[in-house]
Amino acid sequence: MGGNTAPGIILGDTAAAGVSAEALQQAFALVQSWIAEGVLPGAAVLVARGGQIVGEAYLGVADRQTGRVVDQETIWGLASITKPVTATAVLMAVERGLLALDQPLYTLLPEFLDQAPTSAERRAITLRHTLAHCSGLPGFSANNLALRQAGEPISAFITAFMQQPVLFAPGTYHYYSNVGIGLAAEAVARALDGTLGQVVATPAIARYHQFVQEMILAPLEMRNSALLPPATWANRIARVEETGQDGTSYEMANSRYYQSLGIPWGGLFSTPRDLIRFVDLFLPSSGGRSRFVADAAPLLAPATVQAMTTIQYAPPDAPADLAPELRDGFPNDPPLPTVDWGLGWAVKGAKRGGELGDLTAAATFSHAGATGTLAWADPTQDLACIMLTNRARRSGWPSEQFRAARFANMILAAVS
């Protein structure tokens, strides 16, 4: 392991990994310039190749109010990077014969049909649709804000999700859906609880939390990661700016209430060194085991890894005027003709102009988070990158001036 080349920057054995140390430092300097310009309060970036960390950068402040600086111990709200973790829980249940991806959702969660009228589309939605964001379910429930303002538990959100309308026939459009991911997590919970296909008085979602902790985070030795972060982590968690809910009791990432929910579609907290253990599972060279865990047994079958990181559906974007009040985030303008998704992971495919830049391969898989986070991996280069920040994505900072894309280009250019 190399020494610090600048405050907050650590380089590994870049030469052995086929990465230019100079080019990598220049990429980290770009992130540092964003902090100096006031674009970001802070950031933690990690680049790995061939199962080795080749560079890390811990820059700026984790909390502007207190001046707490970013370091390796800082914990970040991952927001929607949680979704591939939930998808992994679903696929682990599939591997165990508890679920099948093409099972209709209503056969697993019968309350899902307790709506009038019951449409053919509702019966057609499968787990595979939910994990690829083409189920027809909305981004949020109509009462999402009211539930948060009332401080309701996660079970209340799952109950509300059962009642949501189907906006289009499954597979017709891409429409990013927290509702679908939440219901997929509930299916995992009921599979473990032995209540699949049964009407239950209270959702079983707590079993999902236990499963993720015991079967994903613990085997990967992700000791600084949790869906339910303890109160003792309060002084380690980065404070996210520009959430749009500033100072409220339910504020994304920052409020104790939010941290207590264990949200399957956005509630995981972690560090770059922990998260790379998870992302590495999905690079073909890893064989379904993390190369960052000594003597680790395979966590996923190679067939599972392939299914999650290859295109399952590639429908066009849903029209911008389709239920805009239920949409999570902003629609692409103009709408994309195809939106490629695996299971839990987005796949770059033919997309151009996005945050993965110009040089990553079409097979690159990724996920972004509303807290200003991004994780991606290019299987053709055995390369992975984690970028965690504390300025909300709604501010537009990653896409302004193509910042995230330019950074990705510099990382690919560093590979020899």
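Student: Why is Phe278 called buried?

Tutor: The model is a predicted one, and in it Phe278 has a relative accessible area of 0%. Buried means under 20%, so Phe278 with its 0% is counted as buried.

Student: What makes Phe282 count as buried?

Tutor: The relative accessibility of Phe282 is 1%. Since the cut-off is under 20%, Phe282 is therefore classed as buried.

Student: How many aromatic pairs does a search of the whole structure find?

Tutor: The search finds eleven aromatic pairs. One of them joins Phe278 and Phe282, with 5.2 Å centre to centre and 65 degrees between the planes.

Student: What makes Phe282 and Phe365 an aromatic pair, and of which kind?

Tutor: Their centres are 6.4 Å apart and the angle between the planes is 70 degrees. The distance is within 6.5 Å and the angle is over 60 degrees, so Phe282 and Phe365 form an edge-to-face pair.

Student: Which parts does the pair of Phe282 and Phe365 tie together, and why?

Tutor: Phe282 belongs to the loop between helix 11 and helix 12 (302–309), whereas Phe365 is in strand 9 (residues 365–369), so the pair ties together parts 83 residues apart in sequence. Both Phe282 and Phe365 are buried.

Student: Which residues do ring pairs link into a cluster?

Tutor: The cluster consists of Phe278, Phe282, Trp345 and Phe365.

Student: Let us turn to the helices. What makes helix 2 mostly covered?

Tutor: Of the 14 residues in helix 2, twelve are buried. Among them are Pro84, Val85, Val90, Leu91 and Met92.

Student: How does the reach of helix 2 stand against the expected value?

Tutor: Helix 2 (residues 82–95) reaches 20 Å from its first C-alpha to its last, close to the 20 Å expected at 1.5 Å a residue. Helix 2 is followed by Gly97, whose phi is positive, near 75 degrees.

Student: Why is helix 7 described as mostly covered?

Tutor: Eight of the nine residues of helix 7 are buried, including Ile154, Phe157, Phe161 and Met162. The buried residues of helix 7 pack against helix 4 (120–124), helix 6 (144–149), helix 8 (178–193), helix 9 (206–217) and helix 10 (256–259).

Student: How do you know that Met162 is buried?

Tutor: Met162, found in helix 7 (residues 154–162), has a relative accessible area of 5%. The limit is under 20%, so Met162 is buried.

Student: Which residues are in contact with Met162, leaving aside its neighbours within four places in sequence?

Tutor: With those neighbours left aside, Met162 is in contact with Leu109, Glu111, Phe112, Gln115, Arg122, Leu183, Glu186 and Arg190. A contact here requires heavy atoms within 4.5 Å.

Student: What lines the second largest pocket?

Tutor: The lining comprises 23 residues, of which Ile53, Arg273, Ile276, Arg277 and Phe292 lie nearest the centre of the pocket. Strand 4 (52–63) and helix 11 (272–279) are the elements that give two or more residues to this lining. Helix 11 gives the most, with five residues.

Student: How much space lies in the second largest pocket, and which classes make up its lining?

Tutor: The space in the second largest pocket is about 360 Å³. Its lining has nine nonpolar, six polar and eight charged residues.

Student: What makes Ala323 buried?

Tutor: Ala323 has a relative accessible area of 11%, and the cut-off is under 20%, so Ala323 is buried. Although not a glycine, Ala323 has a positive phi of about 45 degrees. Ala323 is found in the loop between helix 12 and strand 8.

Student: What is the omega of the peptide bond from Asp333 to Pro334?

Tutor: Omega is near 0 degrees, and the bond is cis. Pro334 is found in the loop between helix 12 and strand 8 (346–347).

Note on methods: Residues are numbered from 1 along each chain as its sequence is written. This is a predicted model: local features need pLDDT of at least 70, side-chain atom pairs count only at pLDDT 80 or more; totals for chains, interfaces and linings use all residues. Side-chain values use heavy atoms; hydrogens and water are left out. Helices (H or I, at least four residues) and strands (E, at least two) are DSSP runs, numbered from the N terminus. The expected span of a helix is 1.5 Å times one less than its number of residues. Buried means under 20% relative accessible area, exposed over 50%, partly exposed in between (1.4 Å probe, protein chains only). On a 1 Å grid over the protein atoms alone, a cavity is a set of points where a 1.4 Å probe fits but cannot get out, and a pocket is an open set with protein on both sides within 12 Å along at least five of seven lines; lining residues have an atom within 4 Å of a point. Grid points are joined across faces, edges and corners, and a volume is the space filled by probe spheres set on the points. Ala, Val, Leu, Ile, Met, Phe, Trp, Tyr, Cys and Pro count as nonpolar, Asp, Glu, Lys and Arg as charged, and the others, Gly among them, as polar. Rings of Phe, Tyr and Trp (its six-membered ring) pair if their centres lie within 6.5 Å; planes under 30 degrees apart count as stacked, over 60 as edge-to-face and the rest as tilted.
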